[in-house]
Amino acid sequence: MSSITLEHSSDQDNQKISMKFVTLVSIVAALGGLLFGFDTAVVSGAIGFMEKRFNLNDFQTGWAVSSLIIGCIPGALFSGMLSDKFGRKKVIIAAALLFIIGSIGSAIPNTFSGFIIARMIGGVGIGITSTLCPLYNAEIAPAKYRGRLVALNQLATVTGISLVYFINLWIAGMGDDAWDVSSAWRWMFGFGVIPGALFLVLLFFVPESPRWLIKQGRAAAALPILLKIHGEELAKQEVRDIKESFSQEKGSFRQLFSPGLRMALIVGVGLAVLQQVTGINAVMYYAPEIFKETGAGTNAALIQTIFVGVINLLFTILAVWLIDKVGRKALMLVGSAAMLICLAVIGTAFQTGHSSGPLVLIFILIYVAAFAISLGPVVWVLISEIFPNRVRGIATAIASMALWIADYVVSQAFPPMLSSAGPAATFWIFGVMSLICLVFTWRAVPETKGKSLEEMESMWAQGK
């Protein structure tokens, strides 16, 4: 009796140690999401000062915002190929260096073109981390907890967005208007060196992805890492399963279009695009302008925008808790349905002249909450876990690149849509995209909760 009790206690202790190790490693990797959130949001506080400093026209203002995304696209595209060749950890370290260089370069230029070049360099780093950090977490996490550990990346992203709003406010308050135009925006971008350097240093303390090591024929190096994650018996089984998944034909771009993998690619790219074309970044980037359309003054619009950020953060935390309990598909279905209803109501409010008052604000907040609990974290989780080991790097890169392209298109198209088609038609279009997302999820997306990465590979091969 006492022997059984001691053995059970030992198993529990080992599980606690392994989860502590996995959680700490996943948090470090998720800091890449913090850089992502910081770099995409920092420009919102700086752009007004930069318009005056560089005398920017409307096109240049848009270019200052979207140039980061242009850098993200090739960063995402080549991240898979580079990480398959050199390892996940090394390429993420390179991305951290690019982010630091981009932050410094964005803070010091005396010409607008110099600023754009620096933002693109930082964007390459963000494109890499947005692809590889969730992928790394998926490859190192136990199946039971993989959803929440990968979703930490999205939580870190929205935390970075919320944090930078306060940093920008603090920096802008350090001087007068003239100082803001000459220097405040430089400090806003330069502040990014601090989280970038922290991320870089901590990366040297995390291991390489064990699945990548086994793919390179280095199972002996992978086993100690898997022992810390799973314990002895499960670790050895995991090595055998991973080796088996790599025993088939070596992954290639052409292989992505084979019968089983083709559907996985369609699901990954489809979800990536739908995450963006349902309008979330139009709301996040242009929230003050949307609230001004309801009749809110400048200060009221900025306060309402803070509400959006707080709701985004709180419901992302809720998603991290729910994703391994409720499942990916269930969250996607509920979230996209709620987004559809909210967008329909918002469009109707603008169409019927009932946009003033709290109605639009309330339904935008519900829309953001629905996104934060579903498409926000779940799409990144699914992209990082649905592809087989041998093609995961390149397939994840393609899906991430599609996401960034869709983000750029929506970000550039929203202002002219708002002015030409009007807010009602604009939100209805996003509503139609949410309906497509709902149907696509229902018909094409499998439930992956609790499945190992190798089990999912078998699922696609069987056409399930």
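Which residues do ring pairs link into a cluster?

Modeller: This is a predicted model, in which local features need pLDDT of at least 70 and side-chain atom pairs count only at pLDDT 80 or more, while totals for chains, interfaces and linings use all residues. Residues are numbered from 1 along each chain as its sequence is written, and side-chain values use heavy atoms, with hydrogens and water left out.

The cluster linked by ring pairs consists of Phe-54, Phe-112, Phe-115, Trp-185 and Phe-189. Rings of Phe, Tyr and Trp (its six-membered ring) pair if their centres lie within 6.5 Å; planes under 30 degrees apart count as stacked, over 60 as edge-to-face and the rest as tilted. The structure holds 11 aromatic pairs. In one of them, the ring centres of Phe-112 and Phe-115 are 6.4 Å apart and the planes stand at 20 degrees, so this pair is stacked. Both residues belong to helix H4 (residues 112–140), where they are 3 residues apart, about one turn of the helix. Helices (H or I, at least four residues) and strands (E, at least two) are DSSP runs, numbered from the N terminus.

Buried means under 20% relative accessible area, exposed means over 50%, and partly exposed lies in between (1.4 Å probe, protein chains only). Phe-112, at 14% relative accessibility, counts as buried. Phe-115 also counts as buried, with a value of 0%.

The rings of Phe-427 and Phe-430 have centres 6.5 Å apart and planes at 80 degrees, so the pair is edge-to-face. Phe-427 and Phe-430 lie 3 residues apart in helix H18 (residues 423–444), about one turn of the helix. Both Phe-427 and Phe-430 are buried. Helix H18 also contains Pro-423, which is buried with a relative accessible area of 15%. The C-alpha atoms of Pro-423 and Ile-346 are 8.7 Å apart in space, although the two residues are 77 residues apart in sequence.

The charged end of Arg-53 sits over the ring of Phe-54, 4.9 Å from its centre. A charge sits over a ring if NZ of Lys or CZ of Arg is within 6 Å of the ring centre and within 35 degrees of the ring normal. A further example is Arg-443, whose charged end sits over the ring of Trp-442, 5.7 Å from its centre.

A salt bridge is a side-chain nitrogen of Lys or Arg within 4 Å of a carboxyl oxygen of Asp or Glu. Arg-119 forms its salt bridge with Asp-39, the closest N and O atoms being 3.1 Å apart. Arg-119 and Asp-39 are both buried.

The structure holds 6 salt bridges. Another joins Asp-84 and Lys-215, with an N to O distance of 3.7 Å. This pair links distant parts of the chain, 131 residues apart: Asp-84 is in helix H2 and Lys-215 in helix H8 (residues 210–215). Asp-84 counts as buried at 17% relative accessibility, whereas Lys-215 is partly exposed at 25%. Asp-84 and Lys-215 belong to a network of salt bridges that also includes Arg-88 and Glu-139. A further salt bridge joins the side chains of Asp-324 and Arg-328 (2.8 Å, N to O). Asp-324 is buried, with a relative accessible area of 10%, and Arg-328 counts as buried at 0%.

Finally, the chain as a whole provides the setting for the cluster. The protein chain has 19 helices and 0 strands. Of its 464 residues, 57% are buried. Contact means heavy atoms within 4.5 Å. Among contacts between residues at least 6 apart in sequence, 84% join residues at least 24 apart.
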